[in-house]
Amino acid sequence: MDTSQRSVPGAQSVARAARLLRLVTSGGDDGMPVAELARRADLTRPTTHRLLTALRHEGLVDQDERTGRWMPGPELYLMGSVAASRYDITTIARDIVRSLAVRTEESAFLSVRRGDETVCLLREEGSFPIRSFVLSEGVRFPLGVASAGLAILAFLPPHDVDAYFDRHPSLAADWGAAHGEARLRTRLRDTQERGYAVNPGLIVEGSYGLGAAVFTREGHPQWALSLTGVEFRFGPDRLPELGRTLLAHAHQLTTRIAAAR
């Protein structure tokens, strides 16, 4: 915890509750058991349960009476509906994501940056019958892990990239040796040169991904379009074509965002 957090009364409790809310929402409709939430939040089980109970009292989370799993509450929906008018681009992006899926025949996605993570907002299935199910709406990954986060991280200012690695020294331990800083920085440079990121089955063996950053009017990488599919569909004979198609759709969405805001 940094000194600024210590100087604000109650900041630690707020940070813990916010962390739990993010974890609960990442569980989607299936929810998540308290033991798993405690482990991922690095909290004791009693502390986790106490915070969840307080959040449930405010309607921010709910608990399935049959399974005991925790899931998003109705108040989150109401808050999200209000915030959507300012932050949600899914309405203007949906047809672009769908076009990307149709053009490539692969599953296409829109993800947004939230702090040091990406969150999937939209998924459109491609027509190719063999699919990858690594990503779906609400799934979160650290920046630099999935192709969407790698594309966003690659185009952040260098000092922001350095700070990200300082905050997350355990990426390799959590996600495998391929996500160590040195190897990840090499993939960031490759992404900058190509314009799009490639994830060669580093999360799930045999499941490939491509990602391209989508920028705000001010030029900040805030979203990403991505494609996922099985390895043989992302071979060297097809990869450049997929990359060009992905970049064209990402540029189209960036242009549309700039015109709309």
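# Pocket and helix packing

Student: Which helix gives the largest share of the lining of the second largest pocket?
Tutor: Helix 2 does, with 5 residues. Helices (H or I, at least four residues) and strands (E, at least two) are DSSP runs, numbered from the N terminus.

Student: Where does the model come from?
Tutor: It is a predicted model, where local features need pLDDT of at least 70, side-chain atom pairs count only at pLDDT 80 or more, and totals for chains, interfaces and linings use all residues. Residues are numbered from 1 along each chain as its sequence is written, and side-chain values use heavy atoms, leaving out hydrogens and water.

Student: What counts as a pocket?
Tutor: Take a 1 Å grid over the protein atoms alone. A pocket is an open set of points where a 1.4 Å probe fits, with protein on both sides within 12 Å along at least five of seven lines. Lining residues have an atom within 4 Å of a point.

Student: How many residues line the second largest pocket?
Tutor: 28 residues line it, and R19, L23, R40, E117 and W175 lie nearest its centre. Helix 2, helix 3, strand 5 (140–142) and helix 9 (171–175) each give two or more residues to that lining.

Student: How do the lining residues divide by class?
Tutor: 7 are nonpolar, 9 polar and 12 charged. Ala, Val, Leu, Ile, Met, Phe, Trp, Tyr, Cys and Pro count as nonpolar, Asp, Glu, Lys and Arg as charged, and the others, Gly among them, as polar.

Student: OK, helices now. At what angle do helix 2 and helix 3 pack?
Tutor: Helix 2 (residues 11–26) and helix 3 (residues 34–41) pack at about 130°, with axes 10 Å apart. Axes are lines fitted to C-alpha atoms, for helices over the stretch in contact, and angles run from 0 to 180 degrees between N-to-C directions. So helix 2 is oblique to helix 3. Under 35 degrees counts as roughly parallel, over 145 as roughly antiparallel, 65 to 115 as roughly perpendicular, and the rest as oblique.

Student: Which residues touch there?
Tutor: R19, L20, L23, V24 and S26 of helix 2 make the contact (heavy atoms within 4.5 Å). From helix 3 come L37, R40 and A41.

Student: What about helix 6 and helix 11: at what angle do they cross?
Tutor: Roughly 170°, and the axes of helix 6 (residues 90–104) and helix 11 (residues 239–260) come within 10 Å. Therefore they are roughly antiparallel. Their contact has 9 nonpolar, 5 polar and 3 charged residues.

Student: And helix 7 with helix 10?
Tutor: The axes of helix 7 (residues 147–154) and helix 10 (residues 181–194) come within 9 Å and cross at roughly 75°. That makes helix 7 roughly perpendicular to helix 10.
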